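Let's take a walk through this protein together. Keep the sequence and the 3D view open while you read.

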Amino acid sequence: MFLFNDNVLTLDDIIEENGILEDNLKIIPTKLGTCKCIYGPMFSSKTTDLIAESEKLSIAMKNHLIISNIKDKKRSFTRINKSSDVFIDDGSTYCEGYITTFSGTKRKCILLNNLMILNILIIKTYFEYVIIDEGHLYEEGSLSKIVLNLIQHGINVYISGLLLSSDLEMFEEMTFINAISDEKIEKKAVCSNCNNMKATLNYKKEKNKQKIQIGSDNIYISVCRLCYFILNNKKYT
Ligand SMILES: [Zn+2]
């Protein structure tokens, strides 16, 4: 019988057990971790894949952290309670919440606004895997450094995210991580305009060029390349 969320750690679990030890960064790793990158447009089941990986890790009794971005409030900002907010030394905030698929499947996670906190939580052998959802939301220059650091400390990383914005601007950190990943999984969605199953892009219904705008199907649809150009031509002419 599967136990929901077994072996999914919270920061409290780790801090309680180990304290926040800057010295952890000085640990010389004895093995390297690996990285699996799951990329593709919205509505292509990327988070579903991460949840499936988490469930498998739990069955295998592998300790793992699940991280999502605090910006993605609509899908994941279901706080367990207000008091679960904790301020860490560098001013980062975290709270507990859920990663949630568009169909409603969810899994407990930690919501962070800054991944740098992971640098001080790299604790030898305490957790073996870190799962990061919506990696493209961490574009402040820390994502690739953190992922490399995790790998160099023997921790395996599963990360999902977009490589391109709805204006075809590259999410550079996610693109870098995809390039260095040991395993790359490209997901495709169903085109909301013509129903073919090869949608690789996102079309934004609103007329603005904001690179990161949190939203669901109220703002975005996934489309194939042909429909992307047809719809954008209509929108701007
Ligand atoms: Zn199409």
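## A buried alanine to start with

Ala199 counts as buried, because it has 28 C-beta neighbours inside 10 Å. In this report a residue is buried if 20 or more other C-beta atoms lie within 10 Å of its own, exposed if 12 or fewer, and partly exposed in between, with C-beta atoms placed from the backbone. You'll find Ala199 in the loop between strand E8 (183-186) and strand E9 (201-204). Helices (H or I, at least four residues) and strands (E, at least two) are DSSP runs, numbered from the N terminus.

What does Ala199 touch, not counting residues up to four places away in sequence? Its partners are Pro41, Lys188, Ala189, Val190, Cys191, Ser222, Val223 and Cys224. Being in contact means that the C-beta atoms of two residues, placed from the backbone, lie within 7 Å. Take Lys188: it sits 11 residues from Ala199 in sequence, yet the two are 5.4 Å apart in space, C-alpha to C-alpha.

## What kind of model this is

This is a predicted model, in which local features need pLDDT of at least 70 and side-chain atom pairs count only at pLDDT 80 or more, while totals for chains, interfaces and linings use all residues. Residues are numbered from 1 along each chain as its sequence is written.

So what is pLDDT? It is the predictor's confidence in each residue, from 0 to 100. The protein's mean pLDDT is 77, and 70% of its residues reach 70 or more. Two stretches stay under 50: residues 1-5, with five contacts beyond four places in sequence, and residues 19-25, with nine such contacts.

## The overall picture

The protein has six helices and 10 strands. Of its 237 residues, 37% count as buried. If you take the contacts with a separation of 6 or more, 75% of them come from residues 24 or more positions apart.

In soluble globular proteins, nonpolar side chains tend to be buried together. A nonpolar core here is a set of buried Ala, Val, Leu, Ile, Met, Phe, Trp, Tyr and Cys residues joined through C-beta atoms within 7 Å. The largest one has 37 residues, and Ile67, Val130, Ile131, Val147, Val157 and Ile159 touch the most other members. Helix H4 gives the most to this core, with five residues. There is also a second, separate core of 10 residues, which includes Ala189, Cys191, Tyr203 and Ile221.

Val147 is worth a click. Leaving aside neighbours within four places in sequence, Val147 is in contact with Cys35, Val157, Ile159 and Ile177.

## Two helices side by side

Helix H4 (residues 143-152) packs against helix H5 (residues 172-180) at an angle of about 30°, and their axes are 9 Å apart. The axes are lines fitted to C-alpha atoms, for helices over the stretch in contact, and angles run from 0 to 180 degrees between N-to-C directions. H4 and H5 are therefore roughly parallel to each other. Angles under 35 degrees count as roughly parallel, over 145 as roughly antiparallel, 65 to 115 as roughly perpendicular and the rest as oblique.

Which residues make the contact? From H4 come Leu143, Ser144 and Val147, and from H5 come Glu173, Phe176 and Ile177. They split into four nonpolar, one polar and one charged. For that count, Ala, Val, Leu, Ile, Met, Phe, Trp, Tyr, Cys and Pro are nonpolar, Asp, Glu, Lys and Arg are charged, and the others, Gly among them, are polar.

## Loops, buried and exposed

His136 lies in the loop between strand E6 (129-132) and H4. Is His136 buried or exposed? It is buried, because 24 other C-beta atoms lie within 10 Å. Beyond four places in sequence, His136 is in contact with Gly161, Leu162, Phe171 and Met174.

Cys224 is in the loop between strand E10 (220-223) and helix H6 (225-236). Cys224 is buried, with 24 other C-beta atoms within 10 Å. Leaving aside neighbours within four places in sequence, its contacts are Cys191, Cys194, Asn196, Lys198 and Ala199. Met61, in the loop between H2 and strand E2 (64-69), is exposed, with 8 other C-beta atoms within 10 Å. Phi of Met61 is near 60°, a positive value in a residue other than glycine.
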